[in-house]
Amino acid sequence: MDLIMGMNSGSSFDGIDVILAETEMDSDGFPKAPKFLCGGSYSWPDDVTKIVRDAFENRVDMVGLNRLNYICGAVFAEKAVQFMQEHHINPQDVKVLGLDTQTIYQEQPDHKRISEMSEEEKADWPHRWLNGPYPAGMQMGDTSVIANLTNIDTVTHFRPADHTFGGSAAPLMPYLDFILFRKEDHPVMTLNIGGIANLHVASSDRRKMFGFDTGPGNVISNYMCRKLLGTDYDENGQVAAKGKTNEELLNFFMHHPFFDRPVPRSGWVGDYDEDYIDSVLAKYGHLPKEDILATACAFTGEAVAKSMLDNIPDDIIKNTKKLYASGGGVKNPQIMKEIQERIPSHITVTTSDEIGIPPEYKEAVKFATIAYSTIHCVPGNIPAAGHASQYAILGKIALAPRNIKGGAQL
């Protein structure tokens with residue numbers, strides 16, 4: 001068995017998760033389902049946090065972004081080394097480290113325009129992006145900085161390969177779900193609740209899989225907490241639990257233009273940025289803080305339910321008994337309660353703990369698994385879910401100093 005490490009810092013930007021797992025290649029040419037061994041969570045340095053949050057709001061210039069790329073690489077490396085020291089892990093024993101680094105911007109493909117392009121138009125590669133129908137994104141954290149400081153072969157930046165073929169590349173969870181559930185004789189539905197929530201259907205037949213963002217996970221709740229309470233989040237959903245859903249505000253939330261996008265669709269914190277939150281508070285700021293936070297949680301639940309019913313085939317929904325949830329949002333009981341109450345009643349919301357992966361670490365396990373697939377030249381995208389035109393090997397690889405041969409080390 002090979003030891004693999006994964007890291008994640010998502011759109012909620014509430015910390016860096018690091019995991020160690022083990023896996024090996026299976027007889028069907030894919031990795032075996034990874035076995036989670038241990039994990040840890042670490043805070044971003046305060047001075048770096050401010051720069052990243054400014055980058056989210058497009059307030060960092062080119063010089064700042066250039067330096068931020070190296071800074072984030074150094075932070076990821078620092079936390080990876082700290083994790084290894086705490087768990088007595090020798091970097092020489094780790095086969096690969098996988099992380100997507102820190103996304104600060106992403107735009108989704110215009111699938112309709114891409115489908116209408118001629119082969120000649122698609123063959124004009126620069127114009128795939130000059131006129132905008134193909135997706136793009138930016139992640140902060142240089143691959144070589146991470147590999148050289150940790151002394152582990154590192155794979156990062158998984159999304160551009162899928163973007164090249166018109167895929168959404170967000171969410172990326174469908175690939176891990178395929179690895180986990182490909183030997184089941186029925187489809188399996190999962191939900192990840194980060195800053196943005198995403199819903200997935202795994203199947204042994206990758207051509208029958210789904211994966212798309214449903215809307216906000218905990219991003220609106222977190223933003224509201226910073227604006228109204230001066231805290232980063234509503235711990236255990238305690239404040240929201242004291243309030244009640246305001247139907248007028250919920251209706252306002254549900255008319256967000258995000259829902260006009262066809263699946264597979266990707267959300268981003270920019271959909272629910274400070275300007276959007278300020279506009280909400282300008283109109284509904286007179287409501288009790290508890291009601292605003294309660295309604296933010298209801299919005300997450302209603303968005304999941306609407307996305308499921310609008311986009312997942314009825315036969316899959318009818319045959320689904322459990323929805324396996326993961327991500328930081330599962331720690332908010334009010335969000336979990338709203339999801340359970342709003343999806344079809346025969347489906348029980350549970351967590352990925354039931355399949356041996358702590359919900360707060362599933363994203364990091366995902367990146368470790370994709371990285372392991374990458375170094376074995378196994379494609380890590382699911383075209384049926386993200387609508388890429390073909391399979392692709394995801395990520396950028398940087399080799400560690402331990403690979404230096406002979407006297408070149410001197």
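Visitor: Which residues lie nearest the centre of the largest cavity?
Guide: This is a predicted model, in which local features need pLDDT of at least 70, side-chain atom pairs count only at pLDDT 80 or more, and totals for chains, interfaces and linings use all residues. Residues are numbered from 1 along each chain as its sequence is written, and side-chain values use heavy atoms, with hydrogens and water left out. On a 1 Å grid over the protein atoms alone, a cavity is a set of points where a 1.4 Å probe fits but cannot get out, a pocket is an open set with protein on both sides within 12 Å along at least five of seven lines, and lining residues have an atom within 4 Å of a point. The largest cavity is lined by 15 residues, and those nearest its centre are Pro-171, Pro-174, Ile-382, Ala-385 and Gly-386.

Visitor: What is the volume of the largest cavity?
Guide: Grid points are joined across faces, edges and corners, and a volume is the space filled by probe spheres set on the points. The count of cavities of 30 Å³ or more comes to three. For the largest cavity, the volume is about 120 Å³.

Visitor: Which helices each supply at least two residues of the lining of the largest cavity?
Guide: Helices (H or I, at least four residues) and strands (E, at least two) are DSSP runs, numbered from the N terminus. By class, the lining of the largest cavity has nine nonpolar, five polar and one charged residues; Ala, Val, Leu, Ile, Met, Phe, Trp, Tyr, Cys and Pro count as nonpolar, Asp, Glu, Lys and Arg as charged, and the others, Gly among them, as polar. The helices that each give at least two residues to this lining are H8 (173–181) and H17 (383–386).

Visitor: Which helix gives the most to the lining of the second largest cavity?
Guide: The second largest cavity has a volume of about 70 Å³, and its lining includes Phe-56, Val-219, Asn-222, Tyr-223 and Arg-226. Both H1 and helix H9 (219–228) supply at least two residues of that lining. The most, four residues, comes from H9.

Visitor: Which element gives the largest share of the lining of the second largest pocket?
Guide: The second largest pocket holds about 350 Å³ of space. Its lining has 18 residues, and Phe-56, Ile-104, Tyr-105, Gln-106 and Trp-268 are the closest to its centre. Helix H1 (46–56) and strand S5 (102–107) are the elements that give two or more residues to this lining. The largest share, four residues, is that of S5.

Visitor: Against which elements do the buried residues of H1 pack?
Guide: Buried means under 20% relative accessible area, exposed over 50%, and partly exposed in between, with a 1.4 Å probe and protein chains only. In H1 the buried residues are Val-48, Thr-49, Val-52, Asp-54, Ala-55 and Phe-56. They pack, by contact of heavy atoms within 4.5 Å, against helix H2 (62–86) and S5.

Visitor: How many residues of strand S8 are buried?
Guide: In a regular strand the side chains alternate between the two faces of the sheet. From S8, Val-188, Thr-190 and Asn-192 point one way, Met-189, Leu-191 and Ile-193 point the other way, and all are buried. The count for S8 (residues 188–193) is therefore six of six.

Visitor: Which residue of S11 is the bridge partner of Thr-190?
Guide: Two strands pair if DSSP finds at least two bridges between them. S8 joins strand S9 (residues 196–202) by six bridges in the antiparallel sense, forming a hairpin with two residues between the strands. With strand S11 (residues 322–326), S8 pairs in the parallel sense over four bridges. The partner of Thr-190 in S11 is Tyr-324.

Visitor: How far from Cys-297 is the nearest cysteine sulfur?
Guide: A disulfide is a pair of cysteine sulfur atoms within 2.5 Å, and the structure holds zero disulfides. Cys-297 is in none, and the nearest cysteine sulfur, that of Cys-225, lies at 8.4 Å.

Visitor: Is Asp-26 buried or exposed?
Guide: Asp-26 is found in the loop between strand S2 (16–23) and strand S3 (35–42). Leaving aside residues up to four places away in sequence, Asp-26 touches Pro-31, Lys-32, Arg-182 and Lys-183. With a relative accessible area of 16%, Asp-26 is buried.
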